[in-house]
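Here are some notes to read alongside the model. Please keep the structure open and find each place as it comes up.

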Amino acid sequence: MSTLPDTQYDPIEALDVRGDFPALAQTVNGHPLTFLDSAASAQQPAAVIDAVRRYQENDHANVHRGVHTLSHRATEAYEGARDRVRSFVNAASRSEIVLTKGTTEAVNLVAQSFVRPRIGSGEKIVISHMEHHANIVPWQILCEQTGAELVVAPIDERGKLRLDALYSLLDESVRILGITHVSNALGTINPIAEITAEARARGIPVLVDGAQGVPHSPVDVQALGCDFYAFSAHKMFGPTGTGVLYGREALLEAMPPYQGGGDMILEVRFDGTIYNELPYKFEAGTPNIAGVVGLGAAIEYLEGIGMDRVNAHEQLLLADMMERLGKIDGLRLIGTAEYKASVQSFVVDGIHPHDLGTLLDQQGVAVRTGHHCAMPVMQFFDVPGTARASLALYNTADDVERLIAALERAIRMFR
Ligand code: PLP
């Protein structure tokens with residue numbers, strides 16, 4: 001399966017699911033809400049909100065431990081969601097789906113449990129220049145702990161990964177490649193299947209940060225060929241505080257636990273503890289059960305629409321948004337790679353991104369402003385930050401229209 005969108009997709013009926021999302025029905029500062037900040041955290045459909053409420057009202061109990069009915073129901077709901085995640089990303093087994101707090105925790109888990117025991121002073125971790133801080137700082141911490149070296153693959157002025165330069169960094173001293181599927185600041189989609197093939201041919205395991213991959217297109221971890229794939233529920237229309245680490249079973253099996261506590265054990269004695277089987281070995285303590293129930297409901301919702309449709313819808317909107325933004329005088333697009341997901345960063349001459357964001361908010365248009373937890377990207381483009389409009393399946397041509405009108409008004413007001 002290609003990781004890049006098929007730009008030749010058949011025209012499809014535009015998606016119209018805005019009505020499924022209660023938060024989008026409100027007005028903000030006297031205007032209908034135009035929500036263009038889904039890359040930070042997406043809104044939740046009523047199906048997710050209702051599933052969580054039903055669970056809280058009827059089924060709440062701790063999982064895996066009770067013989068009583070509610071505990072059985074809670075366990076069924078929690079484990080049922082894990083099964084949905086497995087099939088959503090086409091993992092080979094439910095043992096490969098570790099439920100975490102989010103992408104950040106998943107990356108830290110891989111850094112500490114997988115890479116730390118396998119790396120030494122002078123050995124290398126390779127990442128790219130377009131990573132989110134969640135795929136930078138855990139590796140810097142690991143380097144401090146072990147004396148390993150963090151090496152960064154460059155990007156070009158369009159925000160595209162320089163693949164030849166990346167491949168030239170992948171030598172025998174590299175212990176892991178950590179790479180984002182889609183850049184949250186630039187929207188660039190990386191050709192993950194090709195990259196993992198290159199890395200694995202050299203015996204280098206690959207962790208993919210999929211936080212911005214999963215919400216926008218179908219993801220098949222086996223086709224991508226990665227060893228680990230991390231993502232967060234709240235970027236895919238589920239609740240905050242919940243996420244997933246997919247890992248190849250043989251690798252997870254060989255890794256020590258990340259945290260110790262209840263649920264991750266089979267037997268505890270003062271002279272030694274036997275750890276639980278996968279995936280529970282990595283799920284110490286009471287998990288975010290309601291969050292996982294919401295994640296399961298979000299996947300059911302997305303499957304009902306179809307990720308190919310989501311992708312096609314967003315690609316049409318993105319093309320329209322990029323074209324129209326590009327025509328605004330004094331506006332510079334940041335991130336113009338050929339293959340992009342529905343994120344567009346930009347700066348406007350003479351207006352600080354925060355001022356721009358405030359002026360847009362006054363017109364009911366929510367965009368993110370700042371460094372987007374990707375400060376090295378800002379340093380590369382030599383900007384203090386950007387404004388970023390990010391689209392999701394519920395956005396429409398009207399949203400793009402309102403963004404452009406609000407921007408033009410904001411620029412006029414400022415000048
Ligand atoms: N990676 C990318 C590409 C992201 O966009 C984000 C969130 O913005 C993260 C990682 C971190 O996700 P979380 O805060 O849910 O752990």
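**Notes on the model**

1. Start with two helices. On one side, A47, V48, A51, V52, Y55 and Q56 of α1 make contact with I289, A290, V293, G294, A297, A298 and Y301 of α9. Sorted by class, this contact holds 11 nonpolar residues, two polar ones and no charged ones. Bear in mind throughout that the model is predicted.

2. Now the geometry of that pair. Two packed helices are described by the angle between their axes and the distance between the axes. Here α1 covers residues 46–59 and α9 covers residues 289–305. The angle between them is about 145 degrees, and their axes are 8 Å apart. The crossing of α1 past α9 is right-handed.

3. Next, the domains. The domain assignment divides the chain into domain 1 (18–44 + 306–414) and domain 2 (48–304). Note that domain 1 is given as two stretches of the chain. The centres of domain 1 and domain 2, taken over C-alpha atoms, are separated by 28 Å. In the contact between them, 41 residues come from domain 1 and 38 residues from domain 2.

4. Then the empty space. Rolling a probe the size of a water molecule over the atoms shows where empty space is left. How many cavities of 30 Å³ or more does a search of the whole structure find? The search finds one. The largest cavity holds about 40 Å³ of space.

5. By class, the lining has six nonpolar residues, three polar and one charged. Why does the largest cavity lie between domain 1 and domain 2? It does so because both domains give residues to its lining.

6. Two backbone details remain. Most residues other than glycine have a negative phi, and most peptide bonds are trans. The bond joining L278 and P279 is a cis peptide bond, with omega about -5 degrees. P279 sits in the loop between β12 (272–275) and α9. N90, a residue other than glycine, has a positive phi, near 55 degrees. The loop that holds N90 runs between α2 (69–89) and β4 (97–100).

Definitions and conventions:
Residues numbered from 1 in each chain as written. Predicted model: local features only at pLDDT ≥ 70, side-chain atom pairs only at ≥ 80, totals over all residues. Heavy atoms only, no water. Axes fitted to C-alpha atoms, helices over the stretch in contact; angles between N-to-C directions. Helix = DSSP H or I, 4+ residues; strand = E, 2+ residues; numbered from the N terminus. Left-handed = near helix turned anticlockwise from the far one by under 90°. Contact = heavy atoms within 4.5 Å. Nonpolar A, V, L, I, M, F, W, Y, C, P; charged D, E, K, R; others polar. 1 Å grid on protein atoms, 1.4 Å probe; cavity = no way out; pocket = protein on both sides within 12 Å on 5 of 7 lines; lining within 4 Å. Points joined across faces, edges and corners; volume = space filled by probe spheres on them. Domains from an automatic or database assignment.
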